[in-house]
Amino acid sequence: MQRAIELAVENVRLGRGGPFGAVIVRDGAIVAEGYNIVTSSCDPTAHAEVTAIRRAASALGVFHLGGCEIYTSCEPCPMCLGAIYWAHLDRIYFGCTHRDAAEAGFDDSVIYQEMRRSLEERTIPIVGMDRESAMEAFHAWRAAVGKVEY
């Protein structure tokens, strides 16, 4: 956890992005580190946790990070939490809470509120279309031989 916190503080001092750091650990050793580079990379998905997951997957040559844990300087936002679940990490350790983040100007409560609303009630319109044609991809996936399940 201390390394995740160091990355967050260092990130602010170096002006790379927001005050967030994360490390992914397997068998007690750091596999990968990440820090928030949203502003410096012009990538709104480049949160510390996502960056660490990308680096860990690359370093280990896998897309499934079972057997690994993530230490993050702050409670993961909804996007990062989703990425952590997709990566199949075993455990999440965090420092600051999402309330602490909100007080510092990183309020993700609107995302949690939006997720509880129906599609019709959301702030950003979500419109389903051409479902039958889009289902072709799932039909192809089900029929594919040698596919890599995840």
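Me: Does Glu114 count as buried or exposed?
Reply: A residue is called buried under 20% relative accessible area and exposed over 50%, with partly exposed in between, using a 1.4 Å probe and the protein chains only. Because Glu114 has a relative accessible area of 14%, its class is buried.

Me: What kind of model is this, and what pLDDT do local features need?
Reply: Residues are counted from 1 along each chain as its sequence is written, and side-chain values rest on heavy atoms, with hydrogens and water left out. The model is a predicted one, in which totals for chains, interfaces and linings use all residues, side-chain atom pairs count only at pLDDT 80 or more, and local features need a pLDDT of at least 70.

Me: How far apart are the end C-alpha atoms of helix H1?
Reply: The expected span of a helix is 1.5 Å times one less than its number of residues. Because helix H1 runs over residues 2–14 and so has 13 residues, it should span 18 Å, and this agrees with the distance between its end C-alpha atoms, 18 Å.

Me: Which strands are among the cover of the buried residues of H1?
Reply: Ala4, Leu7, Ala8 and Asn11 are the buried residues of H1. They lie on the same side of H1, because they cover an arc of only 100° around the axis, the arc being that of the directions from the helix axis to the C-beta atoms. The face turned away from this buried side carries the exposed residues Gln2 and Arg13. Taking contact as heavy atoms within 4.5 Å, the cover of the buried residues includes strands E1 (21–26), E2 (29–35) and E3 (68–74).

Me: Which residues are linked with Glu6 in a network of salt bridges?
Reply: A salt bridge here is a side-chain nitrogen of Lys or Arg within 4 Å of a carboxyl oxygen of Asp or Glu, and the side chains of Glu6 and Arg3 meet in one at 3.3 Å, N to O. Because they are 3 residues apart in helix H1, Glu6 and Arg3 are separated by about one helical turn. Glu6 is partly exposed at 37% relative accessibility, and Arg3 is likewise partly exposed, at 27%. The network that holds Glu6 also contains Arg3 and Glu33.

Me: How far apart are the closest N and O atoms of Glu114 and Arg117?
Reply: Side chains of opposite charge can pair when their charged atoms come close. In this pair Glu114 is the buried residue, whereas Arg117 is partly exposed at 33% relative accessibility. The two form a salt bridge in which the closest N and O atoms are separated by 2.3 Å.

Me: Where does Asp130 lie, given its positive phi?
Reply: Most residues other than glycine have a negative phi. Asp130 is not a glycine, yet its phi is positive, at about 55°. With 53% relative accessibility, Asp130 counts as exposed. Its place is the loop between helix H6 (109–116) and helix H7 (131–143).

Me: Where is His88, which also has a positive phi?
Reply: His88 has a phi of about 60° although it is not a glycine. Its relative accessible area of 31% makes His88 partly exposed. His88 sits in the loop between helix H4 (78–87) and strand E4 (91–96).

Me: How much accessible area does the nonpolar surface patch with Trp141 have together?
Reply: Patches are made of residues with over 30% relative accessible area and no salt bridge, where like charges are joined within 9 Å and nonpolar side chains (Val, Leu, Ile, Met, Phe, Trp, Tyr) within 5 Å. Trp141, in helix H7, is partly exposed with a relative accessible area of 35%. Areas come from the Shrake-Rupley method with a 1.4 Å probe, and for residues only the protein chains shown count as cover. Phe63, Trp86, Trp141, Val148 and Tyr150 form this patch, and together they have about 640 Å².

Conventions: Helices (H or I, at least four residues) and strands (E, at least two) are DSSP runs, numbered from the N terminus.
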